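I opened this entry to record what I looked up in the model shown below. My notes follow the order of the look-ups.

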Amino acid sequence: MLDEVNRLIEAAGADIGSAADSRQLEELRVRYLGRKSQLRALMSRIGTLPPEERPAAGAATGKAQQVIQTALEERQAALEQESESRGMDVTLPGRRRGCGKRHLLTSLSWELVDIFRGMGFDVASGPEVEDEYHNFDALNTPPDHPARDLQDTFYLRDGMLLRTQTSTVQIRVMAHTAPPVRVVAPGRCYRKESVDATHHFAFHQLEGLYVDRGVSLADLKGTIQMMGRQLLGEQTRVRFRPHFFPFTEPSVEYDFSCSLCQGPDPSCRVCKGTGWIEVAGAGMVDPAVFEAVGYDPEVYTGFAFGMGLERVAMIRYGIDDIRLFLDNDLRFNRQF
Ligand code: DAH
């Protein structure tokens with residue numbers, strides 16, 4: 001019987017070693033280990049052997065079963081590895097991993113912050129959920145002022161609101177810093193606007209504030225001029241137009257010369273033929289604001305400005321719809 005077992009092991013080994021796929025391997029498992037296999041037949045004959053031969057025969061058949069089982073498993077593993085390496089084309093380019101990047105508005109605001117850092121400004125920030133004091137009262141905007149109309153402001157509970165402007169940060173900075181101060185504050189603002197190509201209920205501003213002894217409107221103009229040149233090119237000119245803001249006196253709106261046509265060109269789509277692009281508001285800080293934060297308006301003067309980041313981006317890249325900034329359409333976002 002031991003010879004028979006040995007021959008069986010040899011035959012099984014040879015067959016399994018040349019099995020070409022796992023289907024053949026399964027047939028061999030049935031043939032060599034299944035219920036009707038020769039091995040089973042040998043095992044059931046053990047009981048008929050003389051008692052002294054039984055232990056050796058039992059051990060040999062048990063061993064054979066193990067050996068064949070192991071051979072099957074090893075062949076299976078080898079076949080799998082073979083098919084894997086045959087199925088892989090090592091000349092194909094690797095899979096590209098998507099890599100996130102900054103949103104256009106984030107990079108623009110970092111760029112502006114860099115420009116102002118170069119002029120000695122610090123960066124400040126404040127909360128988007130604000131109170132009426134910081135958003136209005138301290139900015140010389142009394143309760144009956146039209147800017148406080150329910151139409152414009154998202155009011156929350158308990159006198160809180162979503163800030164409508166980053167000018168709130170002026171107040172927060174001055175309230176805890178002694179002059180001189182020089183800060184810019186980029187951030188998100190909210191207004192109850194119906195959304196169209198040029199209005200959105202959520203948008204971004206960059207606020208600037210410079211307070212010291214003897215700060216003048218000329219300093220404001222020089223600062224804005226410097227920003228315009230760095231942002232849109234050396235040839236950029238600035239002009240001021242009189243305006244009104246509750247928190248500045250005098251107040252201006254400032255325009256940059258058109259970065260596309262460089263002068264009145266009736267067909268220019270960026271400046272609409274005027275040669276100028278309206279950028280933002282600015283002015284000399286109103287003495288009432290200084291009083292609200294405890295600065296002495298007899299000693300200190302300062303300028304402030306605030307501009308819409310979407311507006312600046314639209315000018316610079318010729319974007320014609322403000323909704324694109326928040327749509328999160330990757331085809332838009334990837335362009336910048
Ligand atoms: N906060 C103003 C707005 O949202 C912009 C502005 C104008 C900010 C004049 C200023 C400023 O600091 O001095 O329209």
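Into which domains is the protein divided? I found domain 1 (2-85) and domain 2 (104-334), with bounds that come from an automatic or database domain assignment. Their C-alpha centres lie 84 Å apart.

I noted the conventions next. This is a predicted model, in which local features need pLDDT of at least 70 and side-chain atom pairs count only at pLDDT 80 or more, while totals for chains, interfaces and linings use all residues. Residues are numbered from 1 along each chain as its sequence is written, and side-chain values use heavy atoms, with hydrogens and water left out.

**Strand β5**

I looked up the burial of strand β5 (residues 202-212). Ten of its eleven residues are buried, so the strand is largely enclosed by the rest of the structure. Buried means under 20% relative accessible area, exposed over 50%, and partly exposed in between (1.4 Å probe, protein chains only). Helices (H or I, at least four residues) and strands (E, at least two) are DSSP runs, numbered from the N terminus.

I then checked the pairing, which requires that DSSP find at least two bridges between two strands. Strand β4 (residues 181-190) pairs with β5 in the antiparallel sense over ten bridges, and Arg-188 stands opposite His-204 in β5. Strand β9 (residues 301-308) also runs antiparallel to β5, joined to it by eight bridges; here Glu-207 stands opposite Gly-306.

**Ligand**

Which residues come nearest to the ligand? Of the 15 around it, I listed Gln-165, Ser-167, Arg-191, Gln-205 and Glu-207; a residue is near if one of its heavy atoms lies within 4 Å. A polar side-chain atom of Glu-207 lies 2.5 Å from a ligand oxygen atom. For Arg-191 the corresponding distance to an oxygen atom of the ligand is 2.9 Å, and for Gln-170 it is 3.1 Å. Taken alone the ligand exposes 350 Å², of which the protein buries 91%; accessible areas come from the Shrake-Rupley method with a 1.4 Å probe, and for residues only the protein chains shown count as cover.

**Salt bridges**

I found 13 salt bridges in the structure, each a side-chain nitrogen of Lys or Arg within 4 Å of a carboxyl oxygen of Asp or Glu. Arg-45 and Glu-4 meet in one of them (3.4 Å, N to O). Arg-45 lies in helix α3 (residues 38-45) and Glu-4 in helix α1 (residues 2-17), so the pair ties together parts 41 residues apart in sequence.

I also recorded a network of salt bridges that links Arg-239, Arg-241, Glu-253, Asp-255 and Glu-278.

Note on methods: A polar contact is a pair of N or O atoms within 3.5 Å; within protein, one must be able to donate a hydrogen and the other to accept it, and residues adjacent in sequence count only if both atoms are side-chain atoms.
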